[in-house]
Structures are given as C-alpha cells and as structure tokens.
Amino acid sequence: MRVATLLAIDRQPVVGEWGEQTLSVPGALLPLATPGTIGIGVFVEVEVQPDDTAAQLDVWMYVRPLDQSLQVIDEVSELVHVLERDVTPIGDTTAAVYQSFIGWIPSYPVEEPRQLWLEARLDNVMQTERAVSLVPEI
C-alpha cells in the first residue's frame, strides 16, 4: 500500500465524478494588504495491492513563517491535521485498487504570507509530501 497522489486543491469538489473536477494549487491567493480566510484542501489517492491489509491514512499541514524577504523560516508555527481515514482492501482483486480521499478546510485564516507543507502518511510512516506556498507574487 502506498500514497500514489497528493494534491492541494483550492476549491471544494462538487458531487459527481472526480474526473470532472479541476484541480489547482493555491498560489498568490491573498496579498498582504487583504488578510482574510481561504478554502484549502487535499486530494489523496492510495494504491492498495491485493495482499495489503488495512491502514490508517493521515494528512498533515505544516505551516512555516517567512522572513521580511519572503524566505521560509525553518520552523513550524502551526500543525493542522487535515485528514484521518481508514484505508481498506476491496474484496478479491488481482490488481491494484485506488482509493481516493478529500480533506477540506473551509475557512483557513491567512494574515500574512506563509508556506504550507502537506504530508501524507500511512500508519504514521511518511509516504509523500508536497510544498504549497501562499507567498504573493512580487
């Protein structure tokens, strides 16, 4: 079992087939002059092999501050648990099966530029990660 996909999404998917949704990575969403809140989430896809047993999927968001020149400060200022789900095998299968999960934070406060670092884990073992920056364009 492994994490096959970890994507940041900036809009909550609507009901329907996932293939019809548009994924996008949050970029310069809020400039410094207008602090406020954003919606942010993750789409995670886990590949389950026929001989796999159940596992716990967790997705964490590490928030790191920036200095005055918008360089990342290497310390975590906030840790958000975005998703906690059980991943289970699906019946008798001879090929890999993919299970997808979505975690969504509808109103995340952004008062100043910061870096978000997303990390997906299966049974608390790091699988894959992706950095998402909320730094405004200069």
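A residue is counted as buried when its relative accessible area is under 20%. By this criterion strand β3 is mostly covered in the predicted model, since 8 of its 11 residues are buried. For the protein chain of 138 residues, buried residues make up 36%.

The protein chain contains 0 helices and 7 strands, and its elements follow one another along the sequence in the pattern β-β-β-β-β-β-β. Of the contacts between residues at least 6 apart in sequence, 68% join residues that are at least 24 apart.

Four of the strands were examined as a sheet. This open sheet of 4 strands is arranged in the order β4-β3-β6-β7, and its pairing is antiparallel. The edges are formed by β4 (78-87) and β7 (125-133); each has a single partner strand, so one side of each is left without a neighbour in the sheet. Neighbouring strands of the sheet are turned against each other by 15° on average, direction being ignored. In general, the strands of a sheet pair through backbone hydrogen bonds, in either a parallel or an antiparallel manner.

The individual pairings can be followed across the sheet. Strands β3 and β4 are paired in the antiparallel sense over 9 bridges; within this part of the sheet, Tyr 62 has Leu 79 of β4 as its bridge partner. Strand β3 is also joined to β6 by 9 bridges, and these two strands run antiparallel. Here the bridge partner of Asp 58 is Arg 121, a residue of β6. Beyond this, β6 (residues 114-122) pairs with β7 in the antiparallel sense over 8 bridges, and Glu 119 has Glu 129 in β7 as its bridge partner.

The largest nonpolar core comprises 28 residues, of which Val 44, Val 46, Leu 57, Met 61, Tyr 108 and Leu 116 touch the most other members. Two or more residues are given to this core by each of β1 (2-9), β2 (36-48), β3 (55-65), β4, β5 (97-110) and β6. The largest share, 6 residues, comes from β2. The surroundings of Val 46 illustrate the packing in detail: when residues up to four places away in sequence are not counted, Val 46 touches Met 1, Arg 2, Val 3, Ala 4, Leu 57, Val 87, Val 97, Tyr 98, Gln 99, Phe 101 and Leu 122.

The structure holds 0 aromatic pairs.

Most residues other than glycine have a negative phi. Leu 70, although not a glycine, has a positive phi of about 65°. Leu 70 is found in the loop between β3 and β4 and is partly exposed, with a relative accessible area of 21%. Asp 123, likewise not a glycine, has a positive phi of about 50°. The place of Asp 123 is in the loop between β6 and β7, where the residue is partly exposed, with a relative accessible area of 48%.

Notes
Residues are numbered from 1 along each chain as its sequence is written. This is a predicted model: local features need pLDDT of at least 70, side-chain atom pairs count only at pLDDT 80 or more; totals for chains, interfaces and linings use all residues. Side-chain values use heavy atoms; hydrogens and water are left out. Two strands pair if DSSP finds at least two bridges between them. Axes are lines fitted to C-alpha atoms, for helices over the stretch in contact, and angles run from 0 to 180 degrees between N-to-C directions. A nonpolar core is a set of buried Ala, Val, Leu, Ile, Met, Phe, Trp, Tyr and Cys residues joined through side-chain atoms within 4.5 Å. Buried means under 20% relative accessible area, exposed over 50%, partly exposed in between (1.4 Å probe, protein chains only). Contact means heavy atoms within 4.5 Å. Rings of Phe, Tyr and Trp (its six-membered ring) pair if their centres lie within 6.5 Å; planes under 30 degrees apart count as stacked, over 60 as edge-to-face and the rest as tilted.
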